[in-house]
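Colleague: I'm new to this one and would like to learn how to read it. Could we go through it step by step?

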Amino acid sequence: MSTQRVETPENMGVRGTISLRWAFMLITTLFFMWGVSYGLLDVLNKHFQETLNVTKAQSGLLQAAYFGAYFIVALPAGYFMQRHGYKAGILAGLSLYAIGALLFVPAAMVNDFSVFLFALFVLACGLGCLETAANPYATVLGDPNGAERRLNLAQSFNGLGQFVGPMIGGSLFFTQASQDAAQDSVKITYVVIACVVIAIALLFKRTALPDIRESASQHIQQPGATLWQQKHFVGGVIAQFFYVAAQVGVGAFFINYATEHWHGVTNQSAAYMLSVAMICFMLGRFFSTWLLGRVKPAAMLAAYALINIVLCAVVMLGAGDVSVVALIAIFFFMSTMFPTIFAMGVKNLGESTKQASSFMIMAIVGGAIMPYFMGLISDHISTAVAYSLPLLCFVVVLAYALRQRKHS
């Protein structure tokens with residue numbers, strides 16, 4: 001019986017190093033593609049409020065379906081990859097992504113909100129597979145000491161995708177004369193996305209990715225402890241839950257907040273402002289990748305969380321365009337939180353990395369819960385007051401960062 005050679009970054013030569021770099025470049029395309037999908041999601045919130053007459057709380061169900069799928073699919077995806085490897089997980093994710101995007105065609109034909117929710121759920125199941133595979137894969141494609149910096153670099157292209165998404169949505173979803181034409185633009189957009197995803201899947205299918213396995217020699221920080229006894233991992237899952245809740249909530253009602261607090265801003269121009277916020281998000285990731293070569297990850301995470309607590313307080317004041325600018329600035333300092341928490345949480349877990357990654361991705365379910373409650377507060381009090389919830393989430397992130405800084 002033949003045995004498969006297990007590769008680790010340490011036992012690969014020069015050719016292997018080139019292979020690692022090519023694999024990392026290919027993986028970054030995935031980060032970009034799910035960034036586009038997420039960038040479009042926040043525009044769809046306002047679009048469906050206008051075309052399907054749903055409330056703010058109901059539009060938050062888009063995020064519930066989207067990020068709820070992550071919670072459901074992450075653990076099965078982790079077990080699947082444990083048996084079949086990262087490449088199989090990536091291909092499964094791309095397939096579901098394309099199917100979900102194509103389901104927007106029948107959803108637009110019947111023009112029913114629940115059908116759109118189902119299409120987004122299927123699409124997000126694919127993204128959950130991709131994130132469960134790509135995030136840990138990026139951390140092991142090289143020196144373990146550079147895991148946080150490498151993941152931040154890959155996630156920078158996710159930020160680029162999140163910038164492109166609102167630009168597409170703002171250009172196409174808010175300029176149509178009739179409801180049917182507006183839904184046609186949604187349908188065409190997602191068909192194009194499906195075609196691009198299928199092309200990427202074929203490229204991955206034909207590419208021999210390095211079969212990196214987490215080295216069994218990697219020492220778990222607390223020898224003999226189970227995964228759930230690893231304090232840095234458990235704290236990371238909790239922090240990730242609250243961070244993603246904050247990120248999704250901040251973006252979900254951005255267009256509503258901008259149109260309510262900046263005089264003369266239309267839905268379309270607010271969507272473009274969201275793209276500006278996403279540029280800040282992208283630049284924040286590139287800047288933070290550079291900064292991580294000079295500052296410890298936990299220290300940077302703590303500083304960014306503290307700054308965002310202050311910025312959320314300014315947003316809650318509802319001080320016109322000043323508060324809108326503060327809302328945009330939040331994106332810059334959110335930029336590094338997901339990859340930094342992720343990399344810190346799964347660090348030095350050896351063969352438990354895939355399983356730990358699944359739970360980290362399951363924590364994204366925080367994004368499914370937050371928009372609904374922010375929508376309720378917006379409907380009954382104000383959008384500005386709703387931003388008190390992200391503020392509390394950043395307090396949790398700050399606590400995790402300070403604890404990790406103390407133990408680093």
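Colleague: Among contacts between residues at least 6 apart in sequence, what percentage join residues at least 24 apart?

Modeller: That's 82% in the protein chain. Keep in mind that this is a predicted model. As for its elements, the chain has 18 helices and 0 strands.

Colleague: What share of the residues is buried?

Modeller: Of the 408 residues in the protein chain, 58% are buried. The chain exposes about 15900 Å², and 66% of that comes from carbon and sulfur atoms.

Colleague: Let's take one residue. Is Ile-341 buried or exposed?

Modeller: Its relative accessible area is 0%, so Ile-341 counts as buried. You'll find Ile-341 in helix H14, which spans residues 337–346.

Colleague: Which residues is Ile-341 in contact with, leaving aside neighbours within four places in sequence?

Modeller: Ile-341 is in contact with Gly-236, Ala-239, Gln-240, Tyr-243, Leu-301, Met-360, Val-397 and Tyr-400.

Colleague: Now the aromatic rings. How do I describe a pair of aromatic rings?

Modeller: You give the distance of the centres and the angle of the planes. This structure holds 21 aromatic pairs. Take Phe-104 and Tyr-190: their ring centres are 3.8 Å apart and their planes are at 5°, so this pair is stacked.

Colleague: Where in the chain are Phe-104 and Tyr-190?

Modeller: Phe-104 is in helix H5 (residues 104–110) and Tyr-190 is in helix H8 (residues 179–206), so to speak a link between distant parts of the chain, 86 residues apart. Both Phe-104 and Tyr-190 are buried. They also belong to a cluster linked by ring pairs, together with Phe-48, Phe-113 and Phe-116.

Colleague: What kind of pair do Tyr-372 and Phe-373 make?

Modeller: An edge-to-face one, because the planes of Tyr-372 and Phe-373 are at 80°, and planes over 60 degrees apart count that way. Their ring centres are 5.7 Å apart.

Colleague: And why does Tyr-372 count as partly exposed?

Modeller: Partly exposed covers the range between buried, under 20%, and exposed, over 50%. Tyr-372 has 34% relative accessibility, so it falls in that range. Phe-373, which sits in helix H16, is partly exposed too, with a relative accessible area of 44%.

Colleague: Which residues make the nonpolar surface patch?

Modeller: Leu-61, Ile-369, Tyr-372 and Phe-373 make it, and the patch is about 340 Å². Helix H16 (residues 366–380) gives the largest share of the patch, 3 residues.

Colleague: Last topic, confidence. What is the average pLDDT of the protein chain?

Modeller: The average is 83, and 88% of the residues score at least 70. Among the elements, helix H12 (residues 297–317) has the highest mean pLDDT, 95, while helix H1 (residues 14–51) has the lowest, 78.

Colleague: Over which residues is the pLDDT below 50?

Modeller: One such stretch is residues 1–6, with 6 contacts in the model beyond near neighbours in sequence. Another is residues 214–221, and that stretch has 18 contacts of this kind.

Technical notes:
Residues are numbered from 1 along each chain as its sequence is written. This is a predicted model: local features need pLDDT of at least 70, side-chain atom pairs count only at pLDDT 80 or more; totals for chains, interfaces and linings use all residues. Side-chain values use heavy atoms; hydrogens and water are left out. Rings of Phe, Tyr and Trp (its six-membered ring) pair if their centres lie within 6.5 Å; planes under 30 degrees apart count as stacked, over 60 as edge-to-face and the rest as tilted. Helices (H or I, at least four residues) and strands (E, at least two) are DSSP runs, numbered from the N terminus. Buried means under 20% relative accessible area, exposed over 50%, partly exposed in between (1.4 Å probe, protein chains only). Contact means heavy atoms within 4.5 Å. Accessible areas come from the Shrake-Rupley method with a 1.4 Å probe; for residues, only the protein chains shown count as cover. pLDDT is the predictor's confidence in each residue, from 0 to 100. Patches are made of residues with over 30% relative accessible area and no salt bridge: like charges are joined within 9 Å, nonpolar side chains (Val, Leu, Ile, Met, Phe, Trp, Tyr) within 5 Å. A salt bridge is a side-chain nitrogen of Lys or Arg within 4 Å of a carboxyl oxygen of Asp or Glu.
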